[in-house]
Amino acid sequence: MNIIIIGSGIAGVSFAEKLRTLSADDDITLLTKEHYGYYSRPMLSRGFSRGDIEQTIIIESFDDLRKQNIRVFESATVTEVDRLTQTVHVQGIKDIATLAYDYLIIATGSAAFIPPPFRSYRDNFYLFNSLHDLIELRQLQQSIVNEKKRVTEWAIIGGGLIGCELASDLAVAGDRVSLFHAEDRLMERQLVAEDSLKLLAVMQSHSIDVTFKQAIQAIEKAGEKTRIMTEDGHFEFDVVIVACGFKPRTELAEQAGLETRRGIVVNQFLQTSDKNIFALGDVAELPGNKLYAYVLPIRNQALWLASYLSGQQSECWQVPNFKAVAKVHGFAADHPYVF
Ligand SMILES: Cc1cc2nc3c(=O)[nH]c(=O)nc-3n(C[C@H](O)[C@H](O)[C@H](O)COP(=O)(O)OP(=O)(O)OC[C@H]3O[C@@H](n4cnc5c(N)ncnc54)[C@H](O)[C@@H]3O)c2cc1C
(Lines give C-alpha, C1' and ligand atoms only; values in the text may rest on other atoms or scores of the structure.)
Protein backbone atom coordinates (compact mmCIF):
# COMPACT_ATOMS: atom_id res chain seq x y z
CA MET A 1 0.00 0.00 0.00
CA ASN A 2 1.05 3.54 -0.70
CA ILE A 3 0.15 5.79 2.23
CA ILE A 4 0.53 9.55 2.28
CA ILE A 5 0.27 11.49 5.52
CA ILE A 6 -0.14 15.28 5.57
CA GLY A 7 1.21 16.84 8.78
CA SER A 8 4.08 16.20 11.18
CA GLY A 9 2.38 16.90 14.50
CA ILE A 10 1.69 14.20 17.07
CA ALA A 11 -1.12 12.78 14.89
CA GLY A 12 0.88 12.36 11.67
CA VAL A 13 4.15 11.25 13.26
CA SER A 14 2.63 8.81 15.77
CA PHE A 15 0.60 7.23 12.97
CA ALA A 16 3.61 6.93 10.62
CA GLU A 17 5.86 5.39 13.27
CA LYS A 18 3.26 2.92 14.48
CA LEU A 19 2.33 1.84 10.97
CA ARG A 20 5.99 1.26 10.15
CA THR A 21 6.34 -1.07 13.17
CA LEU A 22 3.23 -3.01 12.08
CA SER A 23 3.98 -3.19 8.38
CA ALA A 24 7.41 -3.37 6.78
CA ASP A 25 6.11 -3.33 3.20
CA ASP A 26 3.91 -0.26 2.98
CA ASP A 27 5.31 2.89 1.34
CA ILE A 28 4.88 5.61 3.95
CA THR A 29 5.34 9.24 2.89
CA LEU A 30 4.96 12.16 5.28
CA LEU A 31 4.50 15.65 3.86
CA THR A 32 4.90 18.66 6.13
CA LYS A 33 5.23 22.42 5.97
CA GLU A 34 7.55 22.27 9.01
CA HIS A 35 11.32 22.30 8.88
CA TYR A 36 12.29 22.25 12.59
CA GLY A 37 11.47 18.56 13.09
CA TYR A 38 8.67 16.94 15.11
CA TYR A 39 8.19 19.08 18.21
CA SER A 40 5.98 19.11 21.29
CA ARG A 41 3.28 21.75 20.90
CA PRO A 42 2.27 21.61 24.60
CA MET A 43 5.82 22.63 25.50
CA LEU A 44 5.35 25.93 23.65
CA SER A 45 3.72 27.08 26.89
CA ARG A 46 7.12 26.89 28.60
CA GLY A 47 8.80 28.75 25.75
CA PHE A 48 9.66 31.93 27.66
CA SER A 49 10.63 30.60 31.08
CA ARG A 50 12.99 27.96 29.65
CA GLY A 51 16.01 29.33 27.85
CA ASP A 52 16.84 26.04 26.12
CA ILE A 53 13.40 25.58 24.54
CA GLU A 54 14.57 25.49 20.89
CA GLN A 55 16.60 22.36 21.68
CA THR A 56 14.36 20.60 24.23
CA ILE A 57 11.09 21.06 22.36
CA ILE A 58 12.21 18.89 19.41
CA ILE A 59 11.10 15.31 20.06
CA GLU A 60 12.57 13.83 16.86
CA SER A 61 14.37 15.22 13.85
CA PHE A 62 13.01 14.39 10.39
CA ASP A 63 16.19 12.38 9.81
CA ASP A 64 15.22 10.18 12.79
CA LEU A 65 11.97 9.41 10.97
CA ARG A 66 13.80 8.75 7.70
CA LYS A 67 15.95 6.19 9.53
CA GLN A 68 12.71 4.29 10.22
CA ASN A 69 12.10 4.06 6.47
CA ILE A 70 9.49 6.82 6.46
CA ARG A 71 9.89 9.09 3.45
CA VAL A 72 9.69 12.67 4.77
CA PHE A 73 9.36 15.80 2.66
CA GLU A 74 9.79 18.88 4.85
CA SER A 75 9.01 22.51 3.93
CA ALA A 76 6.48 20.94 1.56
CA THR A 77 2.93 22.27 1.39
CA VAL A 78 0.07 20.19 0.05
CA THR A 79 -2.04 22.56 -2.01
CA GLU A 80 -4.69 20.25 -3.41
CA VAL A 81 -6.15 16.76 -3.07
CA ASP A 82 -7.45 15.19 -6.30
CA ARG A 83 -9.76 12.36 -5.26
CA LEU A 84 -10.44 11.22 -8.81
CA THR A 85 -6.80 10.45 -9.60
CA GLN A 86 -5.90 9.77 -5.91
CA THR A 87 -3.07 12.27 -5.98
CA VAL A 88 -1.96 15.24 -3.89
CA HIS A 89 -0.42 18.38 -5.35
CA VAL A 90 2.62 19.63 -3.47
CA GLN A 91 4.72 22.78 -3.45
CA GLY A 92 8.27 22.88 -2.14
CA ILE A 93 9.69 19.54 -3.34
CA LYS A 94 12.31 19.67 -6.09
CA ASP A 95 11.08 18.02 -9.31
CA ILE A 96 7.90 16.64 -7.71
CA ALA A 97 4.51 18.28 -8.14
CA THR A 98 2.13 15.38 -7.48
CA LEU A 99 2.23 12.19 -5.46
CA ALA A 100 -0.17 9.24 -5.69
CA TYR A 101 -1.81 7.48 -2.73
CA ASP A 102 -3.86 4.40 -1.97
CA TYR A 103 -4.77 5.88 1.41
CA LEU A 104 -4.49 9.53 2.39
CA ILE A 105 -4.22 10.52 6.06
CA ILE A 106 -5.04 14.15 6.78
CA ALA A 107 -3.39 15.28 10.02
CA THR A 108 -3.12 19.00 9.32
CA GLY A 109 -3.98 20.09 12.86
CA SER A 110 -5.35 23.50 13.70
CA ALA A 111 -4.53 27.17 13.35
CA ALA A 112 -5.21 29.84 15.96
CA PHE A 113 -8.78 31.10 15.75
CA ILE A 114 -9.14 34.82 15.09
CA PRO A 115 -12.57 36.19 16.11
CA PRO A 116 -14.17 38.11 13.20
CA PRO A 117 -14.03 41.57 14.90
CA PHE A 118 -10.22 41.30 15.15
CA ARG A 119 -9.56 40.27 11.54
CA SER A 120 -9.23 43.79 10.17
CA TYR A 121 -6.46 44.45 12.76
CA ARG A 122 -4.47 41.33 11.80
CA ASP A 123 -1.22 43.26 11.17
CA ASN A 124 -1.29 44.63 14.72
CA PHE A 125 -1.24 41.46 16.80
CA TYR A 126 0.52 38.08 17.04
CA LEU A 127 -0.69 34.51 17.44
CA PHE A 128 0.75 31.67 19.54
CA ASN A 129 0.26 28.33 17.85
CA SER A 130 3.57 26.99 16.53
CA LEU A 131 7.30 26.89 17.13
CA HIS A 132 7.64 29.51 14.41
CA ASP A 133 5.36 31.85 16.45
CA LEU A 134 7.35 31.22 19.63
CA ILE A 135 10.70 31.97 17.95
CA GLU A 136 9.30 35.19 16.45
CA LEU A 137 7.94 36.35 19.82
CA ARG A 138 11.16 35.53 21.63
CA GLN A 139 13.09 37.60 19.08
CA LEU A 140 10.75 40.55 19.71
CA GLN A 141 11.22 40.17 23.46
CA GLN A 142 15.01 40.08 23.03
CA SER A 143 15.01 43.17 20.82
CA ILE A 144 13.17 45.11 23.56
CA VAL A 145 15.74 43.99 26.13
CA ASN A 146 18.61 44.98 23.79
CA GLU A 147 17.25 48.31 22.57
CA LYS A 148 15.14 49.60 25.46
CA LYS A 149 16.93 47.86 28.34
CA ARG A 150 13.65 46.85 29.99
CA VAL A 151 11.18 43.97 30.20
CA THR A 152 8.43 43.54 27.60
CA GLU A 153 4.85 44.64 28.28
CA TRP A 154 2.46 42.08 26.82
CA ALA A 155 -1.30 41.96 26.37
CA ILE A 156 -2.95 38.58 25.95
CA ILE A 157 -6.50 38.58 24.62
CA GLY A 158 -8.24 35.38 25.72
CA GLY A 159 -8.39 33.70 29.11
CA GLY A 160 -8.76 30.10 27.92
CA LEU A 161 -6.18 27.35 28.34
CA ILE A 162 -3.53 28.75 25.99
CA GLY A 163 -4.00 32.39 27.03
CA CYS A 164 -3.61 31.52 30.73
CA GLU A 165 -0.59 29.26 30.17
CA LEU A 166 1.13 31.86 28.01
CA ALA A 167 0.41 34.73 30.41
CA SER A 168 1.73 32.69 33.32
CA ASP A 169 4.93 31.71 31.50
CA LEU A 170 5.68 35.28 30.39
CA ALA A 171 5.14 36.53 33.95
CA VAL A 172 7.38 33.82 35.42
CA ALA A 173 10.02 34.82 32.83
CA GLY A 174 9.92 38.31 34.40
CA ASP A 175 7.79 40.30 31.91
CA ARG A 176 4.72 42.47 32.58
CA VAL A 177 1.48 40.85 31.47
CA SER A 178 -2.13 42.00 31.14
CA LEU A 179 -4.82 39.51 30.22
CA PHE A 180 -8.19 40.52 28.75
CA HIS A 181 -10.98 37.97 28.86
CA ALA A 182 -14.45 38.35 27.34
CA GLU A 183 -16.10 36.09 29.96
CA ASP A 184 -16.46 36.57 33.70
CA ARG A 185 -14.05 33.81 34.78
CA LEU A 186 -10.88 32.14 33.50
CA MET A 187 -10.93 28.88 31.52
CA GLU A 188 -14.69 28.66 31.87
CA ARG A 189 -14.83 25.77 29.38
CA GLN A 190 -12.39 23.53 31.26
CA LEU A 191 -12.76 24.53 34.93
CA VAL A 192 -15.55 24.64 37.49
CA ALA A 193 -16.13 28.13 38.96
CA GLU A 194 -14.24 27.31 42.16
CA ASP A 195 -11.10 26.32 40.21
CA SER A 196 -11.39 29.43 37.99
CA LEU A 197 -11.19 31.53 41.16
CA LYS A 198 -8.19 29.55 42.37
CA LEU A 199 -6.53 30.08 38.98
CA LEU A 200 -7.21 33.82 39.13
CA ALA A 201 -5.52 34.02 42.53
CA VAL A 202 -2.45 32.20 41.15
CA MET A 203 -2.31 34.50 38.11
CA GLN A 204 -2.58 37.57 40.32
CA SER A 205 0.16 36.25 42.59
CA HIS A 206 2.39 36.38 39.45
CA SER A 207 1.37 40.09 39.08
CA ILE A 208 -0.72 39.37 35.96
CA ASP A 209 -3.34 42.07 35.51
CA VAL A 210 -6.57 40.22 34.61
CA THR A 211 -9.59 42.11 33.24
CA PHE A 212 -12.93 40.35 32.68
CA LYS A 213 -15.92 41.04 30.44
CA GLN A 214 -13.92 43.30 28.17
CA ALA A 215 -15.22 43.80 24.65
CA ILE A 216 -12.15 44.79 22.64
CA GLN A 217 -13.21 47.44 20.13
CA ALA A 218 -9.93 47.94 18.23
CA ILE A 219 -6.25 46.92 18.19
CA GLU A 220 -4.25 49.75 16.66
CA LYS A 221 -0.65 50.78 16.15
CA ALA A 222 0.44 53.74 18.28
CA GLY A 223 4.03 54.52 17.34
CA GLU A 224 6.20 51.68 18.64
CA LYS A 225 3.35 50.48 20.88
CA THR A 226 0.09 48.68 20.15
CA ARG A 227 -3.10 50.17 21.58
CA ILE A 228 -6.10 48.13 22.70
CA MET A 229 -9.36 50.10 22.77
CA THR A 230 -12.04 48.87 25.18
CA GLU A 231 -15.25 50.33 26.60
CA ASP A 232 -13.23 51.39 29.65
CA GLY A 233 -10.51 53.25 27.77
CA HIS A 234 -7.35 52.47 25.86
CA PHE A 235 -4.21 50.66 26.98
CA GLU A 236 -0.79 50.41 25.32
CA PHE A 237 1.58 47.45 25.12
CA ASP A 238 4.75 46.39 23.32
CA VAL A 239 3.10 43.23 21.96
CA VAL A 240 -0.51 42.04 21.74
CA ILE A 241 -1.27 38.32 21.31
CA VAL A 242 -4.71 37.00 20.42
CA ALA A 243 -5.27 33.59 22.04
CA CYS A 244 -8.96 32.86 21.40
CA GLY A 245 -9.00 29.14 20.67
CA PHE A 246 -8.26 27.05 17.60
CA LYS A 247 -9.60 26.43 14.12
CA PRO A 248 -9.15 23.01 12.46
CA ARG A 249 -7.35 23.33 9.11
CA THR A 250 -10.16 22.04 6.88
CA GLU A 251 -9.24 23.95 3.69
CA LEU A 252 -7.76 20.97 1.80
CA ALA A 253 -10.75 18.80 2.65
CA GLU A 254 -13.19 21.52 1.60
CA GLN A 255 -11.40 21.94 -1.71
CA ALA A 256 -11.52 18.16 -2.24
CA GLY A 257 -15.26 18.11 -1.61
CA LEU A 258 -15.07 16.09 1.62
CA GLU A 259 -17.75 16.69 4.24
CA THR A 260 -16.63 19.29 6.76
CA ARG A 261 -18.28 21.11 9.62
CA ARG A 262 -16.05 22.68 12.29
CA GLY A 263 -13.52 19.95 11.45
CA ILE A 264 -13.28 17.27 8.76
CA VAL A 265 -16.23 14.99 9.41
CA VAL A 266 -15.15 11.41 10.17
CA ASN A 267 -16.96 8.33 11.42
CA GLN A 268 -15.89 6.30 14.47
CA PHE A 269 -13.28 4.64 12.19
CA LEU A 270 -11.73 8.08 11.46
CA GLN A 271 -12.82 7.68 7.85
CA THR A 272 -13.95 10.77 5.95
CA SER A 273 -16.74 10.86 3.38
CA ASP A 274 -14.16 9.32 0.96
CA LYS A 275 -13.34 5.70 1.90
CA ASN A 276 -9.65 6.14 0.99
CA ILE A 277 -9.14 9.27 3.10
CA PHE A 278 -8.86 9.34 6.89
CA ALA A 279 -8.46 12.31 9.24
CA LEU A 280 -7.23 12.46 12.82
CA GLY A 281 -5.97 14.89 15.44
CA ASP A 282 -7.10 18.50 15.86
CA VAL A 283 -8.56 18.54 12.35
CA ALA A 284 -10.98 15.62 12.79
CA GLU A 285 -14.58 16.00 13.91
CA LEU A 286 -16.04 12.78 15.27
CA PRO A 287 -19.72 11.80 15.55
CA GLY A 288 -21.63 14.06 17.91
CA ASN A 289 -19.62 17.10 16.68
CA LYS A 290 -16.73 16.07 18.92
CA LEU A 291 -13.21 17.46 18.49
CA TYR A 292 -10.44 15.97 20.63
CA ALA A 293 -7.71 18.62 20.57
CA TYR A 294 -5.49 17.08 23.26
CA VAL A 295 -2.38 15.00 22.82
CA LEU A 296 -3.53 11.92 24.72
CA PRO A 297 -6.63 11.11 22.63
CA ILE A 298 -4.80 12.15 19.43
CA ARG A 299 -1.94 9.75 20.02
CA ASN A 300 -4.50 7.11 20.85
CA GLN A 301 -6.28 7.79 17.53
CA ALA A 302 -2.98 7.54 15.64
CA LEU A 303 -2.02 4.18 17.16
CA TRP A 304 -5.53 2.85 16.64
CA LEU A 305 -5.63 3.94 12.96
CA ALA A 306 -2.27 2.30 12.22
CA SER A 307 -3.57 -0.97 13.72
CA TYR A 308 -6.84 -0.68 11.83
CA LEU A 309 -5.27 0.00 8.43
CA SER A 310 -2.75 -2.80 8.87
CA GLY A 311 -5.63 -5.20 9.53
CA GLN A 312 -4.84 -5.81 13.20
CA GLN A 313 -7.88 -4.04 14.60
CA SER A 314 -11.50 -4.23 13.55
CA GLU A 315 -13.30 -2.46 16.41
CA CYS A 316 -13.96 1.26 16.00
CA TRP A 317 -11.94 3.92 17.87
CA GLN A 318 -13.04 4.51 21.47
CA VAL A 319 -12.28 7.73 23.34
CA PRO A 320 -9.86 7.06 26.20
CA ASN A 321 -10.45 8.76 29.58
CA PHE A 322 -8.29 11.83 29.99
CA LYS A 323 -8.07 15.08 31.93
CA ALA A 324 -7.45 18.59 30.60
CA VAL A 325 -4.53 19.92 32.65
CA ALA A 326 -3.61 23.62 32.56
CA LYS A 327 0.18 24.13 32.69
CA VAL A 328 -0.09 27.41 34.59
CA HIS A 329 2.87 27.78 36.93
CA GLY A 330 1.81 27.01 40.51
CA PHE A 331 -1.74 25.89 39.65
CA ALA A 332 -3.47 22.52 39.88
CA ALA A 333 -7.24 22.27 39.55
CA ASP A 334 -9.06 20.63 42.47
CA HIS A 335 -11.73 19.30 40.10
CA PRO A 336 -10.04 18.73 36.70
CA TYR A 337 -12.45 18.05 33.87
CA VAL A 338 -12.42 14.37 32.90
CA PHE A 339 -13.42 13.66 29.28
C1 LIG B 1 0.48 26.50 23.20
C2 LIG B 1 -0.23 25.17 23.19
C3 LIG B 1 -0.24 24.40 24.35
C4 LIG B 1 -0.91 23.17 24.36
N5 LIG B 1 -0.89 22.43 25.52
C6 LIG B 1 -1.49 21.23 25.54
C7 LIG B 1 -1.42 20.40 26.70
O8 LIG B 1 -0.85 20.77 27.71
N9 LIG B 1 -1.99 19.17 26.65
C10 LIG B 1 -2.65 18.73 25.52
O11 LIG B 1 -3.15 17.61 25.53
N12 LIG B 1 -2.73 19.48 24.41
C13 LIG B 1 -2.16 20.72 24.39
N14 LIG B 1 -2.24 21.50 23.26
C15 LIG B 1 -2.99 20.98 22.09
C16 LIG B 1 -2.12 19.97 21.34
O17 LIG B 1 -0.83 20.49 21.17
C18 LIG B 1 -2.76 19.68 19.98
O19 LIG B 1 -4.04 19.11 20.22
C20 LIG B 1 -1.93 18.71 19.15
O21 LIG B 1 -0.60 19.12 19.08
C22 LIG B 1 -2.51 18.61 17.74
O23 LIG B 1 -1.75 17.71 17.02
P24 LIG B 1 -2.01 17.44 15.45
O25 LIG B 1 -0.96 16.49 15.03
O26 LIG B 1 -3.43 17.12 15.24
O27 LIG B 1 -1.78 18.86 14.76
P28 LIG B 1 -0.52 19.83 14.68
O29 LIG B 1 0.39 19.64 15.83
O30 LIG B 1 -1.13 21.18 14.46
O31 LIG B 1 0.23 19.38 13.38
C32 LIG B 1 -0.28 19.65 12.10
C33 LIG B 1 0.82 19.55 11.09
O34 LIG B 1 0.29 19.67 9.78
C35 LIG B 1 1.14 20.50 8.99
N36 LIG B 1 0.33 21.03 7.87
C37 LIG B 1 -0.84 21.71 7.95
N38 LIG B 1 -1.30 21.97 6.71
C39 LIG B 1 -0.41 21.43 5.84
C40 LIG B 1 -0.34 21.38 4.41
N41 LIG B 1 -1.29 21.90 3.64
N42 LIG B 1 0.74 20.77 3.85
C43 LIG B 1 1.71 20.23 4.61
N44 LIG B 1 1.68 20.24 5.97
C45 LIG B 1 0.63 20.84 6.58
C46 LIG B 1 1.61 21.53 10.00
O47 LIG B 1 2.76 22.19 9.53
C48 LIG B 1 1.89 20.61 11.20
O49 LIG B 1 3.12 19.94 11.06
C50 LIG B 1 -1.57 22.72 23.20
C51 LIG B 1 -1.55 23.49 22.02
C52 LIG B 1 -0.88 24.69 22.01
C53 LIG B 1 -0.85 25.51 20.74
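Trainee: From which domains does the shell around the ligand draw at least three residues each?

Mentor: This is a predicted model, and the protein in it is divided into two parts, domain 1 (2–111 + 246–309) and domain 2 (114–242). The shell around the ligand draws at least three residues from each of domain 1 and domain 2.

Trainee: Which residues are the closest of those that surround the ligand?

Mentor: The shell includes at least two residues from each of helix H1 (10–22), strand S6 (77–82) and helix H8 (295–309). By class, its residues divide into 16 nonpolar, 12 polar and six charged. Of the 34 residues that surround the ligand, the closest are Gly7, Gly9, Arg41, Gly109 and Gly281.

Trainee: How far apart do the C-alpha centres of domain 1 and domain 2 lie, and how many residues does the contact take from each?

Mentor: The C-alpha centres of the two domains are separated by 30 Å. On the side of domain 1 that touches domain 2, the residues divide into six nonpolar, three polar and one charged. The contact itself takes 10 residues from domain 1 and, from domain 2, 11 residues.

Trainee: With which residues is Ile156 in contact, leaving aside its neighbours within four places in sequence?

Mentor: Once the neighbours within four places in sequence are left aside, the contacts of Ile156 are Gly163, Leu166, Ala167, Val177, Leu179, Ile241 and Ala243.

Trainee: Is Trp317 buried or exposed?

Mentor: Trp317 is found in the segment after H8, and, its neighbours within four places in sequence left aside, it is in contact with Gln268, Phe269, Leu270, Gln301 and Trp304. Trp317 and Leu270 are 47 residues apart in sequence, yet their C-alpha atoms are 7.6 Å apart in space. A residue is buried if 20 or more other C-beta atoms lie within 10 Å of its own; because Trp317 has 23 other C-beta atoms within 10 Å, Trp317 is buried.

Trainee: Does the count of C-beta neighbours make Met187 buried or exposed?

Mentor: The place of Met187 is in the loop between strand S12 (176–180) and helix H6 (193–205). Its phi is near 45°, a positive value in a residue other than glycine, and most residues other than glycine have a negative phi. Because 26 C-beta neighbours lie inside 10 Å, Met187 counts as buried.

Trainee: What does Lys213 count as, given its C-beta neighbours inside 10 Å?

Mentor: Lys213 lies in the loop between strand S13 (209–211) and strand S14 (216–222), and its phi, near 50°, is a positive value in a residue other than glycine. Because Lys213 has 13 C-beta neighbours inside 10 Å, Lys213 counts as partly exposed.

Notes. Residues numbered from 1 in each chain as written. Predicted model: local features only at pLDDT ≥ 70, side-chain atom pairs only at ≥ 80, totals over all residues. Contact = placed C-beta atoms within 7 Å. Near = placed C-beta within 6 Å. Helix = DSSP H or I, 4+ residues; strand = E, 2+ residues; numbered from the N terminus. Nonpolar A, V, L, I, M, F, W, Y, C, P; charged D, E, K, R; others polar. Domains from an automatic or database assignment. Buried ≥ 20, exposed ≤ 12 C-beta atoms within 10 Å, placed from the backbone.
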